[in-house]
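Thanks for coming. I will go through the helices, the packing and then the charged pairs.

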Amino acid sequence: MATATNRVLRVALRGDSILTHPRFNKGTAFTHSERKAFGLTGRLPHRVNTLEEQCQRAYDQLSVRTEPIRKNTFMQSLKDQNWVLYYGLLSRHLKELIPIIYTPTQGDAIANYSHLFRRSEGLYLTFPEQDAMEEDFLELTKGRDIQLFVVTDSEAILGIGDQGVGGIGIATAKSAIYTLLGGMDPSKTLPVVLDVGTDNQQLLNDPLYVGWPNRRIRGKAYDRFVDQFVQLVRKHYPHSLLHFEDFGVGNAQRLLDIYRHKHSVFNDDVQGTGAVTLAAMMSAVGVTKSKLSQQRYVVYGAGTAGLGITKQLRDGIMSIDQLSREDANKRFFLLDRYGLVKESLGPTKIREALREYVRPDAEWEGVPTNEKGEIGLLDLVKKVKPTVLIGCSTHAGAFTEDVVREMAKGTERPIIFPLSNPSRLVEVDPKLANDWTNGKALMATGSPFPPCKMPNGKDYEIAECNNALIYPGLGYGAMVTQARTLSDTMIIAGARRLAALSPALKDPDNALLPDFSEARQINTEVAIAVAEQAIAEGSAGVDWDREEVRDRIAEKQWIPEYPDFIYDAAHGEGRV
């Protein structure tokens, strides 16, 4: 609730009203003078606890719960009671608890949302109630300085697909990560679910499903509904950041393209995944003393994430190595469920978003195909001799021993990024890739994996290509400068700053990305880089010099500490 420059807060609530408000509740940390001023003396036991003592008690309570989903519901309950304690506990046990409140455990919570439901959190906008959308929007946002909207339509949640109204859980989790790692004030964030129905038959058949029990709306009606929401954000909060999350493959890139030049818009599945992968790739080419533009990239899985990674790497090549778009595109070979994306697949098998990466048929004369004329991964690797192999397919084990050994024949330090989540769906276990390349592979994964043994006996730390290393900083840098858009150059500036912090640049046997335990500090550096770029390119809405960005961000970041409260019924926070 505090910032570095705001340690005192005037509050208008008293008694049960302040104890039941998670933004203002301190529980047993209210001082004796605050208890008297706010009518709490008889409502609390005598002893005043420090935040550290409260965190210890909460951690002890959490630890007796053994199942991850029970830990998740405990943390959700804690957030409903006391924001400072919730974020204080998370910050003290970051690596342990991020998988509880975020992927993978949050996926289970979302899948069971209707059965775990206790209280609402965020804004629920439902298709049949669209005539009242502005009224509902203003009812929840009136009097609030919303700086971040995280919105989902729940069609492609965390690798588990269409989850209907339960997708609000990913919006709340992403918002929490913005606060925890980016420093966003939680009172200025709003998770939103656009309930346009669901095609998940299990949910439609569930009598306890709390969302709109209807088949998913698509086409022009869907577009109008989404646009109605976006225009409300633009109208009432023109300087906010709008984060799109877990939209389906047919909408994610399309909606980003529609709105990114009209508002400060970000899609983590497209841009965040791409940005953190670009940072890891810059670290890898730093180790090999080569350039992004000198690599041959095979991307296995051309969905939202795979295409987002490809575009971000392509943009990095254009920006950093000064290649044309056409020349940069030629460095990429994409595979989807029809094999290599090439001309002869025809228009029905090639999505519009993939067209600039289609390979000419003339390149593949003599390359073996299956009975449908499709080229598979191993034959592509033999032909292309890639230096980079990226997996975003959720096809477990796709990078076989034959594929990895064949790749290693053509490059001294194979760069292998099996990024699919969760870990059971990874394209290759890093230990196997390490063994098959005699310890020469430079690796990053989408889920955490233990270190691998190098031939020299040293441990090789596997970098976790986790979006949370970068997206909170990208978003915060755009938000804090009130940038009109979150441009490609701002994203690349953030990725370059993350890459510059790579441990591998000091020792090539170290991880390509910083450890996740440093995520808060890392995201602050990313935010500074993004803000500096926004100012440099003239898109910032604040009148700052680049030299003062670091101090300004340090002043404004929210920190999980209790400020001192002064009771002020007339002008304090929380008054209705």
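I use buried for a residue under 20% relative accessible area, exposed for over 50%, and partly exposed for in between, with a 1.4 Å probe and protein chains only. Helices (H or I, at least four residues) and strands (E, at least two) are DSSP runs, numbered from the N terminus. The model is predicted, so local features need pLDDT of at least 70 and side-chain atom pairs count only at pLDDT 80 or more, while totals for chains, interfaces and linings use all residues. Residues are numbered from 1 along each chain as its sequence is written, and side-chain values use heavy atoms, with hydrogens and water left out.

Start with helix α6, residues 94-101. Its buried residues include Leu-94, Leu-97, Ile-98, Ile-100 and Ile-101. Viewed down the axis of α6, the buried residues lie within an arc of 160°, so they line one face of the helix; the arc is that of the directions from the helix axis to the C-beta atoms. These buried residues pack against α3 (51-63), α4 (68-81), α5 (83-92), α7 (105-111), α10 and α22. Contact here means heavy atoms within 4.5 Å.

Next, the cores. A nonpolar core is a set of buried Ala, Val, Leu, Ile, Met, Phe, Trp, Tyr and Cys residues joined through side-chain atoms within 4.5 Å. The largest one has 141 residues, and Met-75 and Ile-390 touch the most other members. Helix α14 supplies the largest share of this core, 10 residues. Leaving aside residues up to four places away in sequence, Met-75 touches Leu-62, Tyr-86, Leu-89, Leu-90, Leu-97, Ile-100 and Ile-101. There is also a second, separate core of 31 residues, with Phe-137, Tyr-222, Val-233 and Phe-244 among them.

Now the charges. A salt bridge is a side-chain nitrogen of Lys or Arg within 4 Å of a carboxyl oxygen of Asp or Glu. The structure holds 39 of these salt bridges. Which side chain does Asp-268 meet in a salt bridge? The partner is Lys-174, at 2.4 Å, N to O. That pair links distant parts of the chain, with Asp-268 in helix α14 (residues 268-288) and Lys-174 in helix α10 (residues 168-182), 94 residues apart. Asp-268 and Lys-174 are both buried.

Arg-550 and Glu-525 form another salt bridge, with the closest N and O atoms 2.8 Å apart. Arg-550 is in helix α23 (residues 549-556) and Glu-525 in helix α22 (residues 519-536), 25 residues apart. Arg-550 counts as partly exposed, because its relative accessibility is 42%. Both residues belong to a salt-bridge network that also links Arg-497, Glu-532 and Arg-546.
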